[in-house]
Each structure stands twice: as structure tokens, then as C-alpha cells.
Amino acid sequence: MKIIQSGVIEADGLKINQRQLELRLHLPAGTLSKENEYEYSDVLIRCERTLKKECCIRYAFLKVEADIEGDRSCNLELFSIDSVDLAKNLKGSTGAVLMGVTLGAEADRLLKRLSITSKSEHFITDALASALVDTAADRVEELARNNLNEVKSCSFRQRYSPGYGDCSIENQRAFLKAIEGEKNLGISLNDHCFMSPSKSITSIMGFSE
Amino acid sequence: MKKSRFEKLIKEKRLFLDGGTGTMLQAMGLKAGEASELWCMTNPEKITDLHKRYYEAGANIVPSNTFGINCIKYDNYEEMIKRAVECVKTAAKEAVGGSNPEERFVAMDIGPTGMMLEPLGSLKFEEAVEIFAANVRAGVKAGADIFFIETFNDMYETKAAVLACRENSDLPIMVSNAYDERGRLMTGATPQAMAAMLEGLGVSAIGMNCSFGPDKMLETINDFTDFASVPLIFKPNAGLPKVVDGKTVFDVGPEEFSQYMVKVAEQGGTLLGGCCGTTPDHIKAMVEAVKDIPYKLPEKKNKTIIASYTHHVEIGNEPVLIGERINPTGKKKLKEALIAEDIDYILGEAVKQEENGAHVLDVNVGLPEIDEPAMMERAVREIQAVSDLPLQIDSSDSEALEKGLRIYNGKPLLNSVNAKQAVMDEVLPLAAKYGAAVIGLTIGEEGIPETAQGRIELAHKIVEEAAGYGIEKKDIIIDPLALTISSGQKGGLVALEVIKQLKKEGINTILGVSNISFGLPKRDLINQVFFANALAAGLSLAIMNPGSTPMMDTYHAFKALNCYDENCLKYIEYAEARAEVVETASVKADVKQAAEADKAALYGGADELKTSIIKGRTEHARSLAAELLSGSQANCEPLEIINSFIIPALNEVGADYEAGRIYLPQLLMSAESANAAFEKVKEKLPKSEADTDKKVIIATVKGDVHDIGKNIVKVLLESYGFDVIDLGKDTPPEVIRDEAVKSGIKLVGLSALMTTTVPAMEETIKLLHETDPEIKVMVGGAVLSPEYAERIGADAYSKDGMEAVRVAEKLI
């Protein structure tokens, strides 16, 4: 039986990656560190505070064996993925961490509400939520790395998500089944394999011992 | 027969459920990633053996291995369910020792679909009901004794499963949900809210399973015992999994588990079992350990509770406020919004009332011009996506009532029934089926009695009639009716007398407070004093406008004076917020004074409007526009405000954006501020001038759920005076075509973010052009380029929101 590590991350403890946020707000690099002529910094702070108060960040990760056959067959113990891009990413890996993180249904509700009350706050909060879930994924990666390094020193690959490159988004189904995404994270998929809650990230991180 | 035996037994003695299935099957050879439910077909003897071991360990109720089976996952689900139920039946017959064979039950296990329901996900409520209904019918055919709905982490999906059981069988239903570390379901519901809804729906037993071990479960147990009146299920995991010598084991063994379960039993658990990691040894140890603990059925609670999908509201303690603004009676804008199907207006009213302090929202969409049942269903569904307040489903049309009650996620309040026999015959069965608390108007066959006694008698009649449907007195809330004192001066006194009398009898009351002043000047004065009197008489709920300052003043002062507000903290918070509002109002007064003083000051105010728009201060822009329009000496003409201040401000912001001097967030905030000012100005424009030819339909295409880009375009177009019909995201081509035909609008904007959804965009363009070659389609989105747009037949492409405005103006 595979042990899935799962839990909750306090949103207040996460400092949102500013560059990620700038990208999502369509701002040039460094804008957020400057004194701004307009009054949107206050709005940004208010939106971030509300988002962090409302959302509930959950994570789950699981270690599996990885076996890459040929140039595209990635066997991840519980399921296989056929992808040249992922195979390249995982090359040399003996194992992989399957991880998922979400801001929860609460974040989706907040966004829906803002889409009614204020389109600009909706846009800003949507950008904040995307950057926040990305920052949370970094934290989960750190947790997973520490967890694995407790046993043996490992070298890690970059995170890779189903839906990128030639890795079909259909792989989300097997992926979420493996990490018991519905039970641990409350994530489900629609017919097009988009995740609900929408501010969720799943990724595969290869490692070699 | 078995049904009544089960219903009787669970109220007389503690019964036991099984332990873990998945973890046991893995120990028996189930491979990682292999679907355990398939073993009913491939290894039925092993499944039967596991069930037998649980009966022999002392379990009375063993659920079938059907958790993962449903008609969307397996074509042969019926056969699988039949085989799985057969395994339990065989085990119940063959088990030796353990539980009394006469007290063994075969439960058909129902697990979640794995899909999220609308509005958070894509599965429609009725589709979910139908998926579960197929399982239920198969379970009944297979011979199950009861249904066990377990490990659901969403209230809405739980309701769908319960309704499917109720509508397709008369077998008892047990429901056990998986709560998280916060003591809530993943989608937010508390145990109290779940208890309110599930008891209303007639479930035989409720509780929790999985997620954590018995130690943590003990922390949540009071949330059930303090609220629920039905038997309570507790099925914890055997703690947490860990690896020991290369093997996965759970950290709470049978002995420790049983000691925890002793505490669970002492605190009120009446149906005990285990979940992940527990084994027949855990169950055996537990059965032995709790055998001498006296059985305790939860006490009957006499609490009137309604609930949303996150929380409950208790009625009868401190007064509860129901926001009245989503009811078209006397509300011109809402009427127009309902006719135009402008759901955003309704949602805006919902959010505003919540922010103003309403505890519950009334939803009444009754207009002769519209399909009320369809609109009720839509309104309830959509309001639930933006507000988590409980809803009062309000209609005189029983079909609309049923649509609203069914789609509602929680325990609703139904408004209303009255004491006329025909109405009671029609409405009370709905309240009973959907577990609603129900408002009873004191109207009889002869109309509204003039005396308090007459109305009290009608209240008793409603309570008695409701009892016949199994609706308890606590779930009936009587409206004594506040008749305007302008036509009969005793109207207020009679209503107050009814409230006082019914309070003594333990019956809750409700009033539409503002009716009392109809036909009189300065209505707020009368309303405010009557509201205070009604609260003092013991009114439980008030239907009122939470945006009314005098009414909210009264409410907060009443609570402080009557010890509903510890240390007056809420009153102080309210008073401080009020002081801020007063300060803002005085700033407004200054602007007005200046405006009225001389023309120069007026234009100073107008310049300030321009600055407010440029700086994106929405509320300020709205107030300034209003002040400029209403200045008594030298007010601005509406068109002058638009042409001289709003448009120039927008042009300046647009130019700054295009030159890279400001960025998207500022552009949007400015556009929103311009919209706010524009809306105020529009109110004063003659209709002929307010109507615009600049109309556009926008949508994100089918299959695509990303709507940020489309929303940006919408707000910018609106700020430039376009009327925008927004069809939302994941919009089928036919819906867009139908809207274009219906409205006669010749400009359509389409958005797509995913490469996979561009074919849907191409299909939509083709359909629109085939329908009417005059329709122009502009497109945008991350995956598009001008060349690609041309290739798929679009008439124009815009790279961003600002360019979309320019393009739209050209195409128009």
C-alpha cells in the first residue's frame, strides 16, 4: 500500500512569488517593487488578504518508482504515461513524486463572487490565486524533497504537469486516482479534464537517489 | 419488515458496522492501482470471506463492495452491484458467531461519483441524481436492506444521492461524510449544516467516517450530538499509515482503537465501525470494549435550523434578518433584470445584502412575463455560487417552489403555505419531501382574520396539518401578517399580539416588516418603530431591506439592549462602521455645497470625477456623478458629464495603457469607475438617449472555462458605452446563435484560451455566418493570432481588451 502524505498549508505563511504575480497581472518585471503612481497597490494588498483568508490550501504527494522505457514510455508504478517530453524530463529518474495542491472550492467561490461585484478585483484576485497556488506548489515540492532526503540524498528534476507539451491532459485521470485527489484534495475533473477547483496544480517530479 | 426492524433496532441498541475494505483487500492481494470493486466479479469468494469475518467480529451492518461502482464508470454496473450485494447476503447467512443473525443487515454502499457538481464543477445536479438512482434501483433489485452513503465530501452530491434513494426505494438511508481537519467537508459544510439537511430529508442515521483516527474524531463528535436527533455513525480510520520494516501499517492497533471507541460510545456514538486500516480484529475488540456502555439515543432537539452549503442559522434565539431585495414586487430594476434574464443583477443584489448584514436571502422571481419555475431554478443555482447564506425559496407557484427546493444545497426555508386546505395540500408535501422549514401565513378560507385570536387559530391549523406530513412544530414559522396601518390602524397591534402569544407556545414568527407603513409618508419612521416593537414582542425573523440604515440601527441597538450581543461588541463595530459612512456622506455634502456655490466649484467637482476615473476610485466616481447630476443650482447635464468628463478620462487612460505608461489592473479599475459613473448618469438620461446602438454579445467558446480575458473585454466595452450581453464560459455555438437571432445583435465577440477549444470557435463562427451573413465576429485569446483568426473565418482579431474596444467601434 502506498502512503500518500497529505495536509493543509497555512496561506498566511506563503509569500507569493512576485514575478509570477507580475506575469499574471501583465506587469513589466519589477513593477511591484516600485512605488506606483496609481492606487492599485492598496487593492492588491486587500485582494491578497481576502484570498488568503478565504482559501484552504490542501496538498498531497506520493512517491512512486519510475521506469522510462524507450523515448516515450513513462511507467510510474501505478500508471503509465506516453510522452516524449515527460520521458525527457524524467530521464535517469529512479522514482517520481506525484504531487497535487489546491486552493480549494472557497477560492473558486470568491472568484465567482468578485466576477459579479468587481471585474478589476476579479482580475487581480485571479492573478493572485494563480501565483499563490504556484507558490504553494513550491512549498509542497520542498516538503517532498525534505521527506525523500530524510532517507537518502536525491537529485530532483523540474516539476512537470499533465497537459504540458505532448503529455496529454487525459493523464490527469490516472494521476488524480493515484494521489486520491478527490478524497485528499477535493479535486475532480470535468469532461475536458480541467480540474475543479480551478486553482489547482498537479505535477510529477522525477528524482534519482 | 426488515426495514422496520432496522429502524426500530437503531433506536434501541448500539449496532456495529464493518471496518476497512480497501486496506484489507490490499493485504489479501489487491494490487496497487487495481479497482477493488472488480473483485466482486473476479474474486467473489474473497470478498464474501471478508464480509463474513466482519459479521463474525460482531458487525451488524456490512456494506457491499460497491463504493466505486456507478453507471458512468461501468457499463455492467447492475451485474456488478448484484454480485457485490450477493457477497454480503451470503456472508450474513454463513457467518458463524459474532453478531446475532437476526440483527444482520445487508447495506448497499454508495460512493461519490468523483465529479464536482455545478456551479463549482460541471456535473449537473439532476445528472448526479440519475447516476445514483441507477445504483439505487440496482441495489433494490439485488436485495439490499439499507443504503449506506459514505465518504462524500460535498453536501450537494450527498443531497443528490439521498434524493435518488428516496425517489427510488423506501429502504432506510444512512449517511456518513468525510470531514477534514477543520471539521468541515471539503466544500465547506459543517456537521451542523449537514445534520440539518439530512434530518430534513428523512435520513435514518448520520455521521462521519475516514479522514482521521478516532482521537481526532472525538474532537468533532459534539458538533453532531448537540444538533442531531437521529442515531449517529462514527467510523474512524486506524490512525495514520506508516512504513515499518518496508510494510505499511496503521498506527492505532485493535486495543487502542477500542479504547477510543469506548469514549465515542460514551459521548453518543450509536453506530460504530472502522474505516481505512481497521480490521476484523479492530471491530471485535471494539464490540467487546463497548458492550457495557449504556446505549444512548441522541436527545430529541427542538431547534429550528436552516442551513446553506457551509453553515446553519438557528431560528428562535436572536432575531434573524432575511434580505427582501430579490423580490420583484415594487422593484422596477429587478423586474427589468428578470425579464432580460440579467442574472448578474440578481447576483449583485444577493452579494450586496450579504455585505449589509442579512442572514438569509429571500428569492422570489415571480413575474407573469417569465417562466418562473425555470428562473427560480436558475436564480437559486447561481446565487449559491456567490453567496453562502441560506435561502428562502419564495413563490406562490408550487412548481417554482419545487424547482427551487430541489436545486437548493442545504436545508431551505419555504415561503409559504397558508391555512387554506388546497394550498396546504399542495405545499406541505413539498416541504416534507425536501426537508424545508416552512412559513405559514395566517390566511384562511375566509381571508385574513381581523383579530389576533383568529390568526392564532389559523396558525394552529397549519401546525396540525403539517404534523400529518411529519413536519414538526419547530419547522413551522408563522407570519401573523403586518397589514398597513393606513387602512386599519390596529394592523400593527394585532400582529404584535400574535407574535407574543405564539412566542409563549414556542412557535417562531416572521414578518415582512415594511408592509406596515404602506401608503404613509416617511415610511422608514413607521417601519423602524414597528420593527423595534416586533422584536420586543419576540419576532424570530424579519423580512426587510438590510440596506436600510434605520432598520439596521434598530436591529443592532435591540440586540445590544437585549443581551444578544456580548459586551455590545457587534454594536460598537456597527456604530464605528456607521461613523465612517457618515464621514463619507459629509465629504459628499461638501462636494454638493461647493457645486451649488458656483460654476467653478462645480467644474472642480467634475474634474474630480475625471481624476477619480483615471485613478480607478469606483465608489468616489459613482458618488461624484450623482452629486453633479443633482446639484440644485448649477447641475451638469447628463450628456455633458459623459462627453466632457467620462469619455476624456477613458481616452486618457486608454492612451496611457497603449503607450505602456499604465498596465492592465489600472486600466480595468478605471473602466470600472467609468462604468459606475456612467450607470448613475444613465438614470437621468431620457430613454431615447440612454438606449445605445452599440450592442455586442460576448462568450467564451464551448469547452473552454477560462473567462478572465472575456471579462476584461466586457468591462472595457461597457465603459465605452456598449451594451454587452455576456453568455459566460463554455458556451455552445447554438446558444450564441440563438441569442444573436433573438436580440438582433450583429456583433459577437468570442474568446478561447486553449488550443483544444479553437475548433469550437471556428464552428461557432461558421454557424453565426450561416445564420446571418451580416453578423460580424471578433475573436481574441492567448492561442490566437491575426492569421489564425482569419483562417477560422473571424471578421476581426484583437490582441487585448483595449484593442477589442477599437475593433468593436469599427465593426459597429
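Me: Which residues is B:Ile745 in contact with, leaving aside its neighbours within four places in sequence?
Reply: This is a predicted model, and in it B:Ile745 is in contact with B:Lys695, B:Val696, B:Ile697, B:Ile725 and B:Ala740.

Me: Where does B:Ile745 lie in chain B?
Reply: Look in the loop between helix 28 (733–743) and strand 23 (747–751) of chain B.

Me: How far apart are the C-alpha atoms of B:Ile745 and B:Lys263?
Reply: They are separated by 68 Å, and the two residues are 482 residues apart along the chain.

Me: Switching to the two chains. How many residues of chain A are in contact with chain B?
Reply: On chain A there are 42, in contact with 44 residues of chain B. Helix 2 (40–54), helix 4 (104–117), helix 5 (119–149) and helix 7 (181–185) of chain A each supply at least two residues of the side that touches chain B.

Me: Which helix gives the largest share of that side of chain A?
Reply: Helix 4 of chain A does, with 9 residues.

Me: What is that side of chain A like by class?
Reply: It has 17 nonpolar, 12 polar and 13 charged residues.

Me: OK, helix 5 of chain A and helix 27 of chain B. At what angle do they pack?
Reply: The angle is about 155°, and the axes are 10 Å apart. Helix 27 of chain B covers residues 708–719.

Me: Are those two roughly parallel or roughly antiparallel?
Reply: Roughly antiparallel: angles over 145 degrees count that way, so helix 5 of chain A and helix 27 of chain B fall in that group. Their crossing is left-handed.

Me: Which residues meet there?
Reply: From helix 5 of chain A you have A:Lys119, A:His122, A:Phe123 and A:Asp126. They meet B:Ile708, B:Asn711, B:Ile712, B:Lys714 and B:Val715 in helix 27 of chain B. The residues of this contact divide into 4 nonpolar, 2 polar and 3 charged.

Me: How does helix 27 of chain B pack with helix 31 of chain B?
Reply: Helix 27 packs with helix 31 (residues 801–811) at an angle of about 50°, with the axes 8 Å apart. That makes the two helices of chain B oblique to each other. The crossing of helix 27 and helix 31 of chain B is right-handed.

Me: And which residues of helix 27 and helix 31 of chain B meet?
Reply: B:Ile712, B:Val713, B:Leu716 and B:Leu717 in helix 27 meet B:Gly801, B:Met802, B:Ala804, B:Val805 and B:Ala808 in helix 31. By class, this contact has 8 nonpolar, 1 polar and no charged residues.

Me: What about helix 25 of chain B: how many of its residues are buried?
Reply: Helix 25 of chain B has 17 of its 21 residues buried, so to speak mostly covered.

Me: What span should helix 25 of chain B have at 1.5 Å a residue?
Reply: Its 21 residues, 664–684, should span 30 Å, and the end C-alpha atoms are 31 Å apart, which agrees.

Me: Back to chain A. Where is A:Thr31, and what does A:Thr31 touch?
Reply: A:Thr31 is in the loop between helix 1 (18–24) and helix 2 of chain A. Not counting residues up to four places away in sequence, A:Thr31 touches A:Glu22 and B:Tyr663. With 15 other C-beta atoms within 10 Å, A:Thr31 is partly exposed.

Me: Now the backbone. Which residues does a cis peptide bond join in chain A?
Reply: A cis peptide bond joins A:Ser196 and A:Pro197, with omega about 0°. A:Pro197 is in the loop between strand 9 (195–196) and strand 10 (200–208) of chain A.

Me: And in chain B, which residues does a cis peptide bond join?
Reply: B:Glu118 and B:Pro119, with omega about 5°. B:Pro119 lies in the loop between strand 3 (105–110) and helix 6 (125–142) of chain B.

Me: What is phi of A:Glu77?
Reply: Phi is near 65°, a positive value in a residue other than glycine. A:Glu77 lies in the loop between strand 4 (73–75) and strand 5 (80–82) of chain A.

Conventions:
Residues are numbered from 1 along each chain as its sequence is written. Chains are lettered from A and ligands numbered from 1 in the order in which they are written. This is a predicted model: local features need pLDDT of at least 70, side-chain atom pairs count only at pLDDT 80 or more; totals for chains, interfaces and linings use all residues. Two residues are in contact if their C-beta atoms, placed from the backbone, lie within 7 Å. Helices (H or I, at least four residues) and strands (E, at least two) are DSSP runs, numbered from the N terminus. Ala, Val, Leu, Ile, Met, Phe, Trp, Tyr, Cys and Pro count as nonpolar, Asp, Glu, Lys and Arg as charged, and the others, Gly among them, as polar. Axes are lines fitted to C-alpha atoms, for helices over the stretch in contact, and angles run from 0 to 180 degrees between N-to-C directions. Angles under 35 degrees count as roughly parallel, over 145 as roughly antiparallel, 65 to 115 as roughly perpendicular and the rest as oblique. A crossing is left-handed if the near helix is turned anticlockwise from the far one by less than a right angle, and right-handed if clockwise. The expected span of a helix is 1.5 Å times one less than its number of residues. A residue is buried if 20 or more other C-beta atoms lie within 10 Å of its own, exposed if 12 or fewer, and partly exposed in between; C-beta atoms are placed from the backbone.
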